[in-house]
Amino acid sequence: MKTLVVFLIVFSVVVVIHEFGHFYFAKRAGILVREFSIGMGPKLFSHQAKDGTTYTIRWLPMGGYVRMAGYEEEEELKAGMPISLETNQENQVTKINTSNKVQLTNAIPMEVAAQDLVDNLTISGYVNGDESQLVTYNVDHDATIIEQDGIEVRIAPRDVQFQSAKLWQRMLTNFAGPMNNFILSIILFIALVFVQGGVVNMESTKIGNVLQDGAAYEAGLLKGDEIVSVNGQKTADWPEVQESIQSLPSKMVPIEVKRDDQNLTVQAKIGSIESGNEKIGQLGIEAPLKTGFWDKVIGGFQQSFDTFVGIFKALGSLISNFSLDQLGGPVAIFELSSQAASQGATTVLYLTAMISINLGIMNLLPIPGLDGGKLLLNILEGLRGKPISQEKEGMITLIGFGLLMLLMVLVTWNDIQRFFF
C-alpha cells in the first residue's frame, strides 16, 4: 500500500506540474483551456471558474491533462441528437445540454439539425420534435456545453482556439510542459542539497565525516583531517583522494594527513567492495561539504545539469545500441517507488526529481505526438510561412501516437518480465 501511495504521488506530481506548464502559457496566450483535470477516469468533482476553465478531479489519482480549444477533436453535435438549450434575455443560447445525467429547468428541448459552434456560432433544430418548423438560435460566445459524461465546459470559438494564437505563443505553450519538469527537478535537487546539509567540496581534501568501524576509524583518522597523500601519492582534491583509495582494495597503505598544525602518517587497511567483476577500495570517509546558502543553491543547479547531461549520454547510447532494458515504463517506476518508499523521504524526492527531468527530456524528442514533435511542426510552419493542414498534422500525430503506444506496450511487457519473472 505504501509503495502504491508513493507511486501515485510521484507520478501525479510530475505529470500535473507538466500539464500546468501548458495550462499557464496557453492562458497567457489567450487560448481557452476548456478543462484542467487532476486524475483520470470518471468525474469525482468539477467546477467551472470565471476564467472559463472547468477544473476537474477524477477518480483515478494518476496524472492529469489539459484540454485546449482547437487542440484536439471537439465533441460533435450530430444531426438527430436530442439536446436541451438554455437562453438569455436576448434569446441567445448560453448552455447546451447533451447529457442524460443532467436535467435543466426551463430548458428548450431540441433535435439537432445543424450547428456551427466555431465560426458562425449558431445551432439549428426542431423544437419539441416538431419537424415542420426549423428554428435557428444564435449561440453566445461564452456559452457552455454539458458533455455526455456530465462535464460542463466552454464551447470553442475560432478566436480562442490554439491555432489562433501567434506562432511564438504556441511554441512557448508546447515547450512549457517540459520546461516545468526541468524547473521542478531543479527545485527538488536544491531541496535535496539543503536536506543533506550541503554540497560536496571537490576542491578540498578534508575529511567531512568518518564512518564508525570503517578503515579510517580503525586507523585513527578524524573528521577535519586534511589528506595530503595516499600511499605516497600526493592528493590535490577530493576526486584524487577517491581515485587513490579505490585503486588500493584490501591494501595496507600509509596515509599522510594534516591535523591542526602538524602532519601525521597513519597506516590504514583499505576495505573493498565488489563492483561488477572488480573490487573497489573503501576507506570509510565522507567528502567535505560546502554549507553556505548559495553553495547549496548552486549545487542543486549543478546536480540538475549533471543529470541532464547524463540522460543525454544515455540517449546517445540507446540510439547506437538499442535495448528495451535501457527503457522503463510505469512498471519500472512502480518498482523504483517501492525501493524509494522503503528508504525514506529523501529518496522519494530524488526519485521525483529524476523522473521529472526524464519526462521533460523525453517529451522534447522530435517524435509526433510528443511536445517535441509539436515544436518541430511549429518550426516547419515558421520556415514555410504557413501551417501544415490540420488533416496532415492529425495523420502525423496519429502515426506517432500509435508508435508510442506500441513502444509503451513493449517496454511494459519487458518490465514485467524483468521484475516479476
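Which strands and which helix each supply at least two residues of the lining of the second largest pocket?

Guide: They are strand 9 (199–200), strand 18 (289–290) and helix 5 (293–320). Helices (H or I, at least four residues) and strands (E, at least two) are DSSP runs, numbered from the N terminus. The model is predicted: local features need pLDDT of at least 70, side-chain atom pairs count only at pLDDT 80 or more, and totals for chains, interfaces and linings use all residues. Residues are numbered from 1 along each chain as its sequence is written, and side-chain values use heavy atoms, with hydrogens and water left out.

Helix 5 gives the most to this lining, six residues. In total, 14 residues line the pocket. V199, V200, D295, G299 and Q302 lie nearest its centre. A pocket here is an open set of points on a 1 Å grid over the protein atoms alone, where a 1.4 Å probe fits, with protein on both sides within 12 Å along at least five of seven lines; lining residues have an atom within 4 Å of a point. The volume is about 280 Å³. That is the space filled by probe spheres set on the points, with points joined across faces, edges and corners.

By class, the lining holds five nonpolar, five polar and four charged residues. Ala, Val, Leu, Ile, Met, Phe, Trp, Tyr, Cys and Pro count as nonpolar, Asp, Glu, Lys and Arg as charged, and the others, Gly among them, as polar.

Now the setting. The protein has nine helices and 18 strands.
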